[in-house]
Amino acid sequence: MAKTTRPTISDVAKAAKTGKTSISRYLNGEKHLLSEALLARIEQAIAELDYRPSLMARGLKRGRTRLIGLIIADITNPYSVHVLSGIEAACREKGFTPLVCNTNNEIDQELHYLDLLRSYQVEGIVVNAVGMREEGLNRLQQSSLPMVLIDRKIPDFACDVVGLDNVQAATTATEHLIEQGFEALLFLSEPLGTVNTRRERLEAFRTTLARYPGAVAENAETPLQEADQIDNVLRQFHSRHRGMRKAVISANGALTLQVARSLRRIGLHWGSDIGLLGFDELEWAELAGVGITTLKQPTWQIGYAAIEQVVQRIEGTRDTVRERLFSGELIVRGSTAR
């Protein structure tokens, strides 16, 4: 079966009985330069040939691709899914197309996608730098592309950042637990490393509890998939503070799920035996037992704002590097009730 040849601008010009210049003017929105009779012939030719101009070719000819590259560390994370929704809405509104790359926290994929996005001549990049390794960060720093980071900063890299006001959010969460009468609090996170979000939340937790001399403040770090380690940390924390009202703050949504599973394994019930508060709102949080209190991030707004900022950079703004922070919302449920 013969392959159908895609119609060209020359084919349209021939069918409309005009030159390619007139077709180009039509496609470029310069219809006021054409007569009504010629406009009608061009529209008829385009419809009959089912002609679709190559947006990529036209963009490259003008030095524009209208593409924005997105580098996401883990697209399965609910946080990333909700951020992407805001990104897509902003791209659609501003006339850009997002190219989404999921690195799955793998260094080879990070480097591959960084090179790939440059080869596609994206006009800007939005990066969720979770897990990004040193070599990938170096590639980013060497790039002259307009760039915005979501959620996490890169050490020693001056770049626009959009994310949660971690100090405000962690302070609100910690004060809520104190107000609810909890006396011993554990801040549980994945290994801190250089991840500024974890460090900022932990520091705000400590600073807040320093104002309450009678409260016990502890913190622990555990890999997300180390179930036995999470079990031991929670079991020992509960045992050390018998007779006191205890609560756990989980540093992100993925960890909150693992903490909930762990508490069930070791026979503790959130809301009665121990309090539980997790960063990130999760769809199942209101359905789990008496419900789990969460610190909701405005993820859609964060994604939308990141595109707004990178588009400003693409359009040439030379403003100083900006950090745009959004406030979180505490959603109180039975896991922290008196």
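## Loops, sheet and cores of a predicted model

Lys17 is exposed, with a relative accessible area of 68%; exposed means over 50% relative accessible area, buried under 20%, and partly exposed in between, with a 1.4 Å probe and protein chains only. This is a predicted model, in which local features need pLDDT of at least 70 and side-chain atom pairs count only at pLDDT 80 or more, while totals for chains, interfaces and linings use all residues. Residues are numbered from 1 along each chain as its sequence is written, and side-chain values use heavy atoms, with hydrogens and water left out.

Lys17 sits in the loop between helix H1 (9-15) and helix H2 (20-27). Helices (H or I, at least four residues) and strands (E, at least two) are DSSP runs, numbered from the N terminus. Another loop residue, Asp280, lies between strand S9 (275-279) and strand S10 (293-296). The table gives the phi angles of these two residues, neither of which is a glycine, with their accessibility.

| Residue | Phi | Relative accessible area |
|---|---|---|
| Lys17 | positive, about 55 degrees | 68%, exposed |
| Asp280 | positive, about 85 degrees | 11%, buried |

**The sheet.** An open sheet is formed by 6 strands in the order S7-S6-S8-S9-S10-S12, with mixed pairing. Its edge strands, S7 (216-221) and S12 (329-331), each pair on one side only. From one strand to the next, the twist averages 20 degrees. Two strands pair if DSSP finds at least two bridges between them. Strand S6 (residues 184-189) and strand S8 (residues 246-250) pair in the parallel sense over 5 bridges, and Val248 in S8 is the bridge partner of Leu186.

Helix H8 (residues 166-179) packs on the sheet, touching S6, S8, S9, S10 and S12, and its direction makes about 170 degrees with that of S9. Helix H9 (residues 196-209) also packs on the sheet; H9 touches S6, S7, S8 and S9, and its direction makes about 170 degrees with that of S6. Axes are lines fitted to C-alpha atoms, for helices over the stretch in contact, and angles run from 0 to 180 degrees between N-to-C directions. Contact means heavy atoms within 4.5 Å. Asn196 lies in H9 and counts as buried at 11% relative accessibility. Leaving out residues up to four places away in sequence, Asn196 touches Asp151, Arg152 and Lys153.

**Helix H12.** Of the 16 residues of H12, 12 are buried, so the helix is largely enclosed by the rest of the structure. The buried ones include Thr299, Tyr304, Gln309 and Arg313. Among the elements that cover them are strand S1 (67-72), helix H5 (78-94) and strand S11 (323-326). After H12 comes Gly316, whose phi is positive, near 105 degrees.

**The cores.** In soluble globular proteins, nonpolar side chains tend to be buried together. A nonpolar core is a set of buried Ala, Val, Leu, Ile, Met, Phe, Trp, Tyr and Cys residues joined through side-chain atoms within 4.5 Å. The largest core here has 24 residues, and those with the most contacts inside it are Ile68, Ile87, Val126, Ile150 and Ile307. S1, H5, S4 and H12 each supply at least two residues of this core; the largest share, 8 residues, comes from H12.
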